[in-house]
Amino acid sequence: MFGLLLGDFSSAFGAIKLIFWDPLFDENFASYARPQLLVKAGPIILIAIGLSIGFKAGIWNIGAEGQYILGAIFGASVALSLYPQESILIFPAMILAGALGGFIWALIPALLKVYFKTNEILVSLMLVYVAENILASVSQGLLRNPEGMGLPGSRNLKDYPSAHNSEILVNSGMHWGVLTAFLAVILAYFLFLKHQKGYEIRIAGEAPKAAYFAGINPSKTIIFCMGMSGLLAGMAGLFEVAGPSGQITMSFNSGYGFTAIIVAFLGRLNPLGILLAGLLMALTYIGGEIAQLMLGLPGASIQLLQGMLLFFLLATDIFTNYRFKSKGS
Amino acid sequence: MAEVLLQMDGISKSFPGVKANDKVSFQINSGEIHALLGENGAGKSTLVKMIYGLMQPDSGSMKLGSENFRPSEPSKARQSGIAMVFQHFSLFDALNVAENIALGMENPPKMSDLSEKIETVSKSYGLPLDPKRLVGQLSAGERQRVEIIRCLLQNPKLLIMDEPTSVLTPNEVKTLFETLLRLKEEGKSILYISHKLEEIREICDFATILRNGEKVGSCIPRDTSAKQIGEMMVGKSFSSPSRKTRVFGEELLKVSNLSIRTKDFFGTSLSDINFSVRVGEIFGIGGVAGNGQDELLSALSGEEKTSPSTIKIFNQPIGKLAPDERRAIGMRAAPEERLGHAAAPAMTLIENTLITSHSEDVIDQWGIIKFDNVKEKTRNIVSEFDVRTPTLDNAAASLSGGNLQKFVIGREILQRPRVFVVNQPTWGVDAAAAAFIRQSILNLASNDSAVVVISQDLDELFEICDTFSVLTNGRMSKSHDIRSLSSEDVGLLMGGSDLDLKNRDKA
């Protein structure tokens, strides 16, 4: 990537190959990287599907990262409070609690918007920082592992069979969260293709006055869209904490909630597009890690690549819809 | 006098799938008011846009005076002495008149000089206008004056006016015509686009008639009857709406003490509106747009909720019901703004049909949309109301204004509403389509419905309505039997005076 900027094509090609090709097909990396693809793509897709529902209606939930954190805290709390009892009902209860946590966190900007006309972009974004502070607090306090010798962080749910979000197929990366993400893609596709609610969301985004004329209540649309996106982000957080991450720690969140915004737009707010964009974005995460390892690139370089993806996508939209004009007409 | 100002020679312009103009030739002389006539989609706007430099012809040539003329952009056209007043004004509500005019100029002078110039021009052409007033507070007629003065300051040779009288009161039309005649005396030419044949016969010296992109004839309007001109436009004879005498039944819609404070800074508050409409009656509400028409429609459609008993249907209070709940009991509305309000621009006709359909035959109990049935409904609207569209999957925005209006009206009327409220039903629609829409409103009323028609087209109201009142400044006049009113009476009503009539009849 940087080679390209300097005009050195062979090293640019090498970097691109390292990010987009080697994780899947180089035998040194593939065995580790292939399952990771689904592990990373799962939560991103799940969150992005939720966000796209709101984005289509012109409701901008930017705070999925916070809803993701709250989902993880709520879900993990259920498991940690029941430890060490074993029951088949524990995992489903955690999923519900995770969804509820994200839902409640997203409902705050939604209700403020409905009743006080606040801007949901600002409120939901600021709530991310509140969520991060709650996360820091509970990982040192309420949810701290009593047997952890005073170190911050909760018990590891990987060691708690009833609560562990295990792989459905061994070494595939396919855990329950990934399955849920695929299910969400299918349901969202159906929602916008055939269902009244999807139609209402689309018309509210396309022509708000026409939606109002049709009898669609804007407050209900706001609450539904924010609630759904929070719910899915919360579930993503739960699946992550119960699976790949295993525990609540101060550095639990890794930016999936923000990456999902890019993925939603990269997928043109279309569920199938989001599926593909999510896989691509997961690849840049993994490829980026390999590139950091092999080329000694700084960690921020992969965020730069992701940012550039969104930037050029938006630029493409500008140039397909508008054209340059000389001054003076 | 016979000096040719603009010569159009074999102008053709195609868009994918459509030939908008096909070898159109005509000429405009200096000091002539030249009418350009045709139905919606006949190619008038395309032709005018090419003269004004917004588009370039595929073939053919234009000559301005003795020079070849092919403006590549509007500023070039303006430099050559061509000015245009658009049907839709491009003015900023929050700026004053002088600031708005300065924004549209290539090299605006100092504000104080400009104000002086505006006052001089407005005096000499009989267009009273205060340069310091906010545009948001002006009536439609005054806004048009802003646009005209903006054009006149450039001292044009040819002034193009697109549907200039569609938003004006009869008095404002008179003022406008005096101005146009004064311009003509000065040797300026005017290209006048309109549907209103009577106006064209009154003021234009020559008319060119377009149909399907071709020039199909020309005439001297004064010596040709409106019927003959109309038939040239549509290529066939059409009948004006026939009204059967209807017997009115019981009171169906009753509005009492309706007052609404507007939330829009430039909106109009409604105060104490009272009227009722009987079964079979068409109730006409005249007055210039911006006097509370939009607010009244949204109160009746349910977009603006009021206290329950201010609006009643068959004595059932409905003021609190949402638009879809009102549709369920048979009350439907069609707002004035077609794109963005009555229809979603980027959505297909099928999806737009769904905007006002909520019944079980299109959406099942699980909320699944039965698209086959919606498609059938759409097909029905398109065929019954002669909506011209390539497919049902075309976006609403791709239809011409008249066709979309037929779609919007048809969508509501085919549901056989008991109460139908419509705002500006034939605004910007050609004569044949307007006649069709009016006829379907009449038919609806004779099928035991009550209809409220809000319109600024007085001829239209006189053609179809039984009862008439005027909405001025958010207040409504008493209602009168339309047959008892003379045009002076209407003028008085529009001026806001009720007193003289009150003694004469107590309708």
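**Sheet, helix pair and chain contact**

Reader: Over how many bridges do strand S11 (residues 251–260) and strand S14 (residues 311–313) of chain B pair?
Author: The model is a predicted one. In S14(B), B:Ile311 is the bridge partner of B:Val255. The pairing of S11 with S14 in chain B is antiparallel, and its extent is 3 bridges.

Reader: Is H4(A) roughly parallel or roughly antiparallel to H11(A)?
Author: The axes of helix H4 (residues 27–56) and helix H11 (residues 218–242) of chain A come within 7 Å and cross at roughly 175 degrees. Angles over 145 degrees count as roughly antiparallel. Therefore the relation of H4(A) to H11(A) is roughly antiparallel.

Reader: How many residues of the contact of H4(A) with H11(A) are nonpolar?
Author: Residues of H4(A), including A:Leu46 and A:Ile53, meet residues of H11(A), among them A:Leu232 and A:Phe239. Of the residues in this contact, 4 are polar, 1 is charged and the nonpolar ones number 15.

Reader: Which elements give two or more residues to the side of chain A that touches chain B?
Author: In this contact, 16 residues of chain A meet 24 residues of chain B. The side of chain A divides into 7 nonpolar, 5 polar and 4 charged residues. The elements of chain A that give two or more residues to that side are helix H9 (196–206) and helix H10 (208–214).

Methods
Residues are numbered from 1 along each chain as its sequence is written. Chains are lettered from A and ligands numbered from 1 in the order in which they are written. This is a predicted model: local features need pLDDT of at least 70, side-chain atom pairs count only at pLDDT 80 or more; totals for chains, interfaces and linings use all residues. Two strands pair if DSSP finds at least two bridges between them. Helices (H or I, at least four residues) and strands (E, at least two) are DSSP runs, numbered from the N terminus. Axes are lines fitted to C-alpha atoms, for helices over the stretch in contact, and angles run from 0 to 180 degrees between N-to-C directions. Angles under 35 degrees count as roughly parallel, over 145 as roughly antiparallel, 65 to 115 as roughly perpendicular and the rest as oblique. Two residues are in contact if their C-beta atoms, placed from the backbone, lie within 7 Å. Ala, Val, Leu, Ile, Met, Phe, Trp, Tyr, Cys and Pro count as nonpolar, Asp, Glu, Lys and Arg as charged, and the others, Gly among them, as polar.
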